[in-house]
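Work through the exercises below with the sequence and coordinates open. Each task is followed by a worked solution.

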Amino acid sequence: MDTEVESLTDTAQMEIEEPVPTPIPMEPPRIHLLDQAVVNRIAAGEVVQRPVSAVKELIENSLDADSTSISVVVKDGGLKLIQVSDDGHGIPYDDLPILCERHTTSKLSKFEDLQSIKSMGFRGEALASMTYVGHVTVTTITKGQLHGYRATYRDGIMEHEPKACAAVKGTQIMIENLFYNMSARRKTLQNSADDYPKIVDLICRFAIHHSSVSFSCRKHGAARPDVHSVVTSSRLDAIRSVYGVSVARNLIKIDASDSDPSSSVFSMDGFISNSNYIAKKTIMVLFINDRLVECGALKRAIEIVYTATLPKASKPFIYMSIKLPTEHVDVNIHPTKREVSLLNQEIIIEKIQSAIELKLRSSNESRTFDEQMVDPSFSGSMAVGKDSPNNPSSSGLKSQKVPVHKMVRTDSQDPAGRLHAYLQIKPSNQLQGSSCLTSVRSSIRQRRNPRETADLTSIQELVKEIDSSCHSGLLDIVGHCTYIGMADDVFALLQHNTHLYLANVVNLSKELMYQQVLRRFAHFNAIQLSDPAKLQELIILALKEEDLDPEGNENEDLKEKIAEMNTELLKQKTEMLEEYFGICIEPNGNLSRIPVILDQYTPDMDRVPEFVLCLGNDVDWDNEKNCFQTIAASIGNFYAMHPPLLPNPSGNGLQCYKRRVLSRSPGGGNFSETAEDVKENEFDHELLLEAENAWAQREWSIQHILFPSMRLFLKPPTSMATNGTFVQVASLEKLYKIFERC
């Protein structure tokens, strides 16, 4: 027994003492060459980080192509579709096969070219990167071609030979299913709802800097764009159209420069917000050599100035354009070109900071505060405060409560709702507020109209006729209405108190323009025509438009005779037309200037021929009063906000923009024009875009120019109460009675 125990013990000791095997050392990972497809996808993910990155690259390509109109369509935040169309010079057919290969570009040839690069793009990576993370289709046409070409790309390679197709001037690039092969990023972006607002914000920034280019952006399937900018000559007008009047009116111009080669060479101009501007976050739009970039150091320096200089103004609005010699800017430091490096950057920032501080300190001497007054004219009977000595409850009377069916929730000054229905105020304060509002409107009228009437008796009589025929009820509606929107091409919906009206904007604008012509008599600013137009040609054109048989040649001599006579007549009246109405006709019979009737509004220039013909045919030149009245009426009709001549593309008029094809009738015979067999997407896109811009501009003018001007200046004549200019379509009190029966 003892022997067995010893044997077991020896065995256990042998097992314990058995040496542990030494691990075999592992070889270090070997370096190997990545597959080119992997390299390209990694690079693509760095260049195209989000849908907004792709939009930025495509817009910059359009700007490099000398485009004057850029349109963006987005679906599902850019993941399903990004479509950018421009009217640039297009892409030559021979360049299409290598268009989307990496490092193919027309911007530079050697590295030294980077020192003088002026274009937005230069690497030749953007389009290639998009083909590795999405499906890219390019449609383009160059000048002189009868048709365009369409090609599709995948992984940097053109999938097939370009196909001939119908196309409008320029290039259209469409990216579908972005990040389809990058599941993690696609899921991350699908859970984010801020990509479309980022795209809108990007286009707004481009629109205020490139004011000579029109931009539009809309969601796929939407009838109206969320961003629509038109070409303007003023940077401030561009800011106003994109960011609104509330921002533009609180901006001050800023500039700074330095030409000392030993320190810095630059020039800067822009706009910064004053002490009246209040916002929750800083908006900084920075362009360096026309390139949209970010500069954290400059932004922080400006915010420090605002915090130290202005009370509660640490969140400013800044638009800044900095110009430097190209050799002083390194644009090749960021994958998406979002940042650049400047020579002597610290010195430049310091000089800009000093210029802003000086400007703010000089503008901080005065500040404007908006005073909120209560307008008692529509509030009904309201109770006064309990602590007031005029409290009706002290005399045993109960406070009057505004009935629900008479409570007004909208206001011309504050569409979100009026507070006076929920306030308790003293009657004396009501009268004070009303008189204050009247004085403010009077001061505005005096500022906008330096002289209410001219010295001529005839003009004074015409103005008195306007005042005497004014309808008090319609004046109240016009002065306190809330614009809702356009019901159709002619009528707008507006609310006044508890009533809903249809208002004929053509009649209203025509009457407003007529009255403004008389009130601004002999005090007009001018709109200079870029190309003076020959009166005789304009009159002939107008006569042809009125002719029921435009193809007939029988009356051509008569038209020319009429045009010649009217031209000579207007040339004789040149001095009077220019002095009193701001209409300039040159000695050679060219129309070169027309008057400004409303600030920020330009009439439809397609109606100039009709206007000139009216001046020649409809004006009574023999009687002074009748002469001024008919000229004012002609100008009013010309400046009235008529529907554009192009059909409205948002309704049934869209069919007018389909491309027409010729088809032969069965059994032979003549060709006939038809649109039935045209594919759904085959529209005349250039004409369609022009129509969309015209109708969008008209609606913007109606909302932001016509109705605010009507509230200030229009005195509606009594005839408007019966001629269908105003039509009441609903009343809140009557609706309550109807629903009470149900």
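**Exercise 1. Determine what share of the contacts in the protein with a separation of 6 or more comes from residues 24 or more positions apart.**

Solution. A contact means heavy atoms within 4.5 Å. Among contacts with a separation of 6 or more, 70% join residues 24 or more positions apart. The model is predicted, so local features need pLDDT of at least 70, side-chain atom pairs count only at pLDDT 80 or more, and totals for chains, interfaces and linings use all residues. Residues are numbered from 1 along each chain as its sequence is written, and side-chain values use heavy atoms, with hydrogens and water left out.

Next, the overall counts. The protein has 21 helices and 25 strands; these are DSSP runs (helices H or I, at least four residues; strands E, at least two), numbered from the N terminus. Of its 742 residues, 45% are buried (under 20% relative accessible area; exposed is over 50%, partly exposed in between; 1.4 Å probe, protein chains only).

**Exercise 2. Compare the span of helix 16 with the expected value, then sort its residues into buried and exposed.**

Solution. Step 1: helix 16 covers residues 556-572, 17 residues, and reaches 25 Å from its first C-alpha to its last, close to the expected 24 Å. The expected span is 1.5 Å times one less than the number of residues.

Step 1: the buried residues of helix 16 are Lys559, Ala563, Asn566, Thr567 and Leu570. They lie on the same side of helix 16 because they cover an arc of only 105 degrees around the axis, the arc being that of the directions from the helix axis to the C-beta atoms.

Step 2: on the face turned away from the buried side are the exposed residues Asp557, Leu558, Met565 and Gln572.

Step 3: the packing partners of the buried residues are helix 15 (535-546), helix 17 (574-581), strand 21 (584-585) and helix 18 (608-617).

**Exercise 3. Give the strand order of the open sheet of 5 strands and identify its edges.**

Solution. Step 1: the order is 10-11-14-12-13, with mixed pairing. Two strands pair if DSSP finds at least two bridges between them.

Step 1: strand 10 (251-260) and strand 13 (291-293) are the edges, since each pairs on one side only. From one strand to the next the twist averages 20 degrees.

Step 2: strand 11 (residues 264-273) and strand 14 (residues 317-323) are antiparallel over 6 bridges. Asp269 has Ser321 in strand 14 as its bridge partner.

Step 3: helix 6 (residues 195-209) packs on the sheet and touches strand 12 (283-288), strand 13 and strand 14. Its direction makes about 55 degrees with that of strand 12 (axes are lines fitted to C-alpha atoms, for helices over the stretch in contact; angles run from 0 to 180 degrees between N-to-C directions).
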